[in-house]
Amino acid sequence: MTESIAVGTDGSAAATAALEWAVDDAVRRGVSLRIVHAMDRWPHDLVEFPAPARPGRLACFGEQVLTEAAKAATERRPDVRVTTELIEGTPSDVLCGQAETAIELVVGNRGLGGFAGSLLGSVPVRLAGHVRGAVVVVRQGRAEAYGEVVVGVDGSAECEPALGFAFEQAALRGCGLRAVYAWQMPHAFSPEAAEDTEEIRYAQRRMAEERLAGWQERFPAVEVVSEVTRARPVPTLLAASARADLLVVGSRGLGAVGSVLLGSVSREVLHHARGPVAVVRSTRSTGRGPRASSG
Ligand SMILES: Nc1ncnc2c1ncn2[C@@H]1O[C@H](COP(=O)(O)OP(=O)(O)OP(=O)(O)O)[C@@H](O)[C@H]1O
Ligand SMILES: [Mg+2]
């Protein structure tokens, strides 16, 4: 099967921004782009609302959305290879299925539904953390111009896939990578133990360097700036991402409890970031480290 990126569209402005991001990335990677529209029949299947003409109309709308999206894609980049898929089902189920055979899944932060000031629709919330691999959530109205990718690092194995994706994106774009590790003292820490603070600071820096070393070996051309700071992760990542073309985070980190698939840092960042955010979950059930560069 040829490699492809999947992008979901409902025809909204944010979905168009997602499409543009996906087109550019497909060209960067030299893969094809699969544009997907899910025909969601559930409101029309209600007993009170049995309208036989509806599915036909839904299909017509879906076809139109896909035709316009394919046209916009080739207008943006005539060299992009595009396919379209009209699939019946709820958008999150359909896109989750599509992600299984895609390099990455791209969606807008919101869509045609929601309410006026809504920052995040239900589709990205359901997909981020559930889909294995990368889900890229794109907002309307932000041009790429900073020449930097930012990745959030923590002490957990869960950030390994995010590091891999971030290094790969920086290499594809020929830009720098800022690795941000914001750490905090445990709540029970006693402020009298000042020496411990230095020790902890040193240990955090070393941990971040160790996490980065394997990936740096595999992507030697990527220039990495590592920012290890004692601060709250969400504002630190948001500040760094304000000057970046892409923010990459893992789906969950050290703090997340057992069954939580999307950690609180990733969730908050998805809500409040101004630019594109990639939430990356391991494609396996355990964290994936870098392969040796010789192999
Ligand atoms: N029917 C669909 N087919 C394909 N992709 C979709 C569909 N609906 C939404 N998406 C994708 O998900 C993104 C977010 O849309 P979402 O539906 O979550 O937000 P919303 O419509 O504002 O809110 P709501 O949760 O009320 O539907 C869209 O930009 C698009 O990329
Ligand atoms: Mg919607």
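Trainee: At what angle do the axes of helix α7 and helix α8 cross?
Mentor: Axes are lines fitted to C-alpha atoms, for helices over the stretch in contact, and angles run from 0 to 180 degrees between N-to-C directions. Here α7 (residues 233-241) and α8 (residues 264-272) cross at roughly 40°, their axes coming within 10 Å. That makes α7 oblique to α8 (under 35 degrees is roughly parallel, over 145 roughly antiparallel, 65 to 115 roughly perpendicular, the rest oblique). Helices are DSSP runs of H or I, at least four residues, numbered from the N terminus.

Mentor: This is a predicted model: local features need pLDDT of at least 70, side-chain atom pairs need 80 or more, and totals for chains, interfaces and linings use all residues. Residues count from 1 along each chain as written, chains are lettered from A and ligands numbered from 1 in written order, and side-chain values use heavy atoms, without hydrogens or water.

Trainee: Which residues of α7 and α8 meet?
Mentor: Contact means heavy atoms within 4.5 Å. From α7 come Pro-233, Val-234, Leu-237 and Leu-238; from α8, Val-265, Glu-268, Val-269 and His-272. By class, six are nonpolar, one polar and one charged (nonpolar: Ala, Val, Leu, Ile, Met, Phe, Trp, Tyr, Cys, Pro; charged: Asp, Glu, Lys, Arg; polar: the others, Gly among them).

Trainee: How do the axes of α1 and α5 cross?
Mentor: Helix α1 (residues 13-29) and helix α5 (residues 159-173) cross at roughly 75°, with axes within 10 Å. That makes α1 roughly perpendicular to α5. Trp-21, Asp-25, Arg-28 and Arg-29 of α1 touch Phe-165, Glu-168, Gln-169, Leu-172 and Arg-173 of α5. These divide into three nonpolar, one polar and five charged residues.

Trainee: Which ring does the charged end of Arg-28 sit over?
Mentor: The ring of Trp-21, 5.9 Å from its centre (the rule: NZ of Lys or CZ of Arg within 6 Å of the ring centre and within 35 degrees of the ring normal).

Trainee: What is Ala-70 in contact with?
Mentor: Ala-70 lies in helix α2 (residues 54-76). Leaving aside neighbours within four places in sequence, Ala-70 contacts Ile-35, Val-82 and Thr-84. Its C-alpha is 9.3 Å from that of Arg-34, 36 residues apart along the chain.

Note on methods: Helix = DSSP H or I, 4+ residues; strand = E, 2+ residues; numbered from the N terminus.
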